[in-house]
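Please read these notes beside the model.

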Amino acid sequence: MVAMERADSLLSNIKKKKAPNRRYFYAKGVSKTKIFIDAGHNDSGWNTGAVGNGLKEQDITFAVAKKLSNLLTARGLTIKLSRSTKETNLGTNNSSAINARYNMANEWGADYFISIHCNAGGGTGTETLYYKSDSLNYATTIQDAFIKAMKLRDRGIKYRNNIGVIMHTKMPAILIELAFIDTGADALVLVNKQDDMAAALAAGFYELLGMEAEEVTQEQFESMYAKMIAKGKGDNPSTWAKKICEAAKDAGIFEGDGSGNYNWQDPVTREALASVLKNAGIF
Ligand SMILES: [Zn+2]
């Protein structure tokens, strides 16, 4: 019942807050897909990343990877990070640091692998690298979702045959270069828009997995929640009626709605009553 009361207060809070430009999203389904998120580079020592504008690539890749992990976990996906903390260093030299990333993903049995990096060399914009043909659609979906949300220059998706993490992973694998750490305007995005970048990547995964959030009107949103709450309520009979409801269910007198819901506290229509009387052997 506590859950029910919380749901009720959630609904009344939703109704109270009528901010003029509030947008409502209804999230479709969740997925148990396993996604391995590789925060590119090590914190210190070997395999550290590019630097520019006072920023270190490995700090940005870890921050965005962690935020992406939180978003996807909240939607029911199973996530593993290559670096579990910002200070984590993988391997014992440059090449074993790369091997550790794809070995972890392969051993864990990830469904998708994403390696997050920042570009360097004075360009601008975002590109997504892939190697295997099974990663082409994945690369396109993530790149497009990222560009659509972040409005950075679209450098496209690129085939690359010299990057260990996208070549030796057994599952579809991509490496995204978010933006250029050594170009002023891009660096500002890398440092100030980490939440937006994580959300943009998450949106790409929702699309890839058919989990997009659909924008709805406030009225639709409230009615969806009201229905969910009413459904939950109706399925729990009052304490005094629990036994008789279970017995009626076991005897096949009430048939439920076919999805396992009996809606015990709903009013009875004439058609439902007719079927109950029939099931009870009255006629
Ligand atoms: Zn890098």
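This is a predicted model: local features need pLDDT of at least 70, side-chain atom pairs count only at pLDDT 80 or more; totals for chains, interfaces and linings use all residues.

1. Residues are numbered from 1 along each chain as its sequence is written.

2. An open sheet is built from 6 strands in the order 5-2-6-9-7-8, with mixed pairing. Strands here are DSSP runs of E, at least two residues long, and helices are runs of H or I, at least four long, numbered from the N terminus. Two strands pair if DSSP finds at least two bridges between them. Strand 5 (78-81) and strand 8 are the edges; each has a single partner strand, so one side of each lacks a neighbour in the sheet. From one strand to the next, the twist averages 20 degrees.

3. Strand 2 (residues 34-39) runs parallel to strand 6 (residues 112-119), and 5 bridges join them. F36 has F113 as its bridge partner in strand 6. Helix 3 (residues 94-108) lies across strand 2, strand 5 and strand 6, at about 170 degrees to strand 2. Axes are lines fitted to C-alpha atoms, for helices over the stretch in contact, and angles run from 0 to 180 degrees between N-to-C directions.

4. Strand 7 (residues 126-130) and strand 8 (residues 154-159) are also parallel, joined by 4 bridges. T128 stands opposite I157 of strand 8. Between strand 7 and strand 8 the chain passes through helix 4 (residues 136-150), in a right-handed β-α-β crossover. Right-handed means that, with the strands pointing away from the viewer, the path from the first strand over the helix to the second runs clockwise.

5. How do helix 2 and helix 7 pack? Helix 2 (residues 57-74) meets helix 7 (residues 194-208) at an angle of about 50 degrees, with the axes 8 Å apart. The two are therefore oblique to each other; angles under 35 degrees count as roughly parallel, over 145 as roughly antiparallel, 65 to 115 as roughly perpendicular and the rest as oblique. Residues in this contact include A63 and L68 of helix 2 and M197 and F205 of helix 7, where contact means C-beta atoms, placed from the backbone, within 7 Å.

6. Helix 4 also packs on helix 7: their axes come within 8 Å and cross at roughly 140 degrees. Helix 4 is therefore oblique to helix 7. Among the contact residues are Y138 and F146 of helix 4 and M197 and G204 of helix 7.

Note on methods:
Two residues are in contact if their C-beta atoms, placed from the backbone, lie within 7 Å.
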